[in-house]
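This report looks at one helix and at the pairing of charged side chains. Please keep the sequence and the model in view while reading.

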Amino acid sequence: MTTGEHDGGGDRATVAAAAARAGAAVAGEHFRRDIDVERKGGKTNVVTEADRESQRRVIERIREAFPDDAVVGEEEDELKAVPDAGATWVIDPIDGTNNYVRDIRAFATAVAAVVDGEPVASAVALPAMDDVYVADGDAVTRNGDPVAVSDRDDPETAAATPTVWWDFDARDEYAAACTEVVERFNDLRRFGSAQVTLAMVAEGALDATFTNVRCNPWDTVAGVHMVRTAGGTVTDLDGDPWRHDSTGLVASNGPLHDEALAAARAVRDVERA
């Protein structure tokens, strides 16, 4: 195979895992240290030099194996949208930066490989928890051990969560999302990182997550691929297969998807009111 050739996800999964570990190592080195925090246009939209350094390290590892592939990254001057054609890497150097700067361990480096708009491999590394999730085209592992979505089919035994954030001018939607969870499911969890949340759905620790907003690809693509590879379902608000440019995201173990989809649609109805 020539460098950069589409490989169906196998080699790209290996590279995604190595790159995610490299970026996570940078984030871990700076965690709970005195690091400057900058704001990117909002009071809670924060970034640190660790984000930038981590992204650079991830890209270095990718370029060693696939120098000609496009890169979509949250920080600096990388692409901000996923091309519909060709091979692309989608990177979030620290997903959960607000957790990171508060010394909360729920943050991750996420790396996804995409070919012609569809993810084929991904890795999510949580350095403060010593967990690394990897998905190729066939299976998902956590620290080398196979994981899969839960088999729960009773909402009253299930744990779900809203994911991604609603700005202050949309807190009625956030409140509606929380209400939908506590009225439909057994309990609510919220972790402050979409990629961590999606990894937990993929491993069966959570049963469903949803949002009605349009998500950034770096916040979602790696975890979406994991949920699907682990046997789960991920759609938009219309119930169609989720894409990197979809509005809304509903991810579940499968049996509980209709319930999660109904919750997300109820939040959308608040948005439209």
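## Burial and the model

Buried stands for a relative accessible area under 20% and exposed for one over 50%, with partly exposed in between. The coordinates belong to a predicted model.

## Salt bridges

The structure holds 13 salt bridges. One of them joins arginine 57 to glutamate 53, with the closest N and O atoms 3.9 Å apart, and both residues lie in helix 2 (residues 49–65), four residues apart, about one turn of the helix. Glutamate 53 counts as partly exposed, because its relative accessibility is 25%, and arginine 57 is also partly exposed, at 29%.

Arginine 142 pairs with glutamate 203, the closest N and O atoms being 2.3 Å apart. This pair links distant parts of the chain, since arginine 142 belongs to strand 8 (residues 140–142) and glutamate 203 to helix 5 (residues 194–203), 61 residues apart. Arginine 142 is partly exposed at 29%, whereas glutamate 203, at 17% relative accessibility, counts as buried.

## Helix 4

Helix 4 (residues 171–184) has 14 residues and spans 20 Å from its first C-alpha to its last, close to the 20 Å expected at 1.5 Å a residue. Its buried residues are Glu173, Tyr174, Ala176, Ala177, Glu180 and Val181; seen down the axis of helix 4, they fall within an arc of 160°, so they line one face of the helix.

These buried residues pack against strand 10 (159–162), strand 11 (187–188), strand 12 (208–214) and helix 7 (257–272), while on the other side of helix 4 Val182 and Glu183 are exposed.

Key:
Residues numbered from 1 in each chain as written. Predicted model: local features only at pLDDT ≥ 70, side-chain atom pairs only at ≥ 80, totals over all residues. Heavy atoms only, no water. Helix = DSSP H or I, 4+ residues; strand = E, 2+ residues; numbered from the N terminus. Expected span 1.5 Å × (residues − 1). Buried < 20%, exposed > 50% of the residue type's maximum accessible area, 1.4 Å probe, protein only. Arc of directions from axis to C-beta. Contact = heavy atoms within 4.5 Å. Salt bridge = Lys/Arg side-chain N within 4 Å of Asp/Glu carboxyl O.
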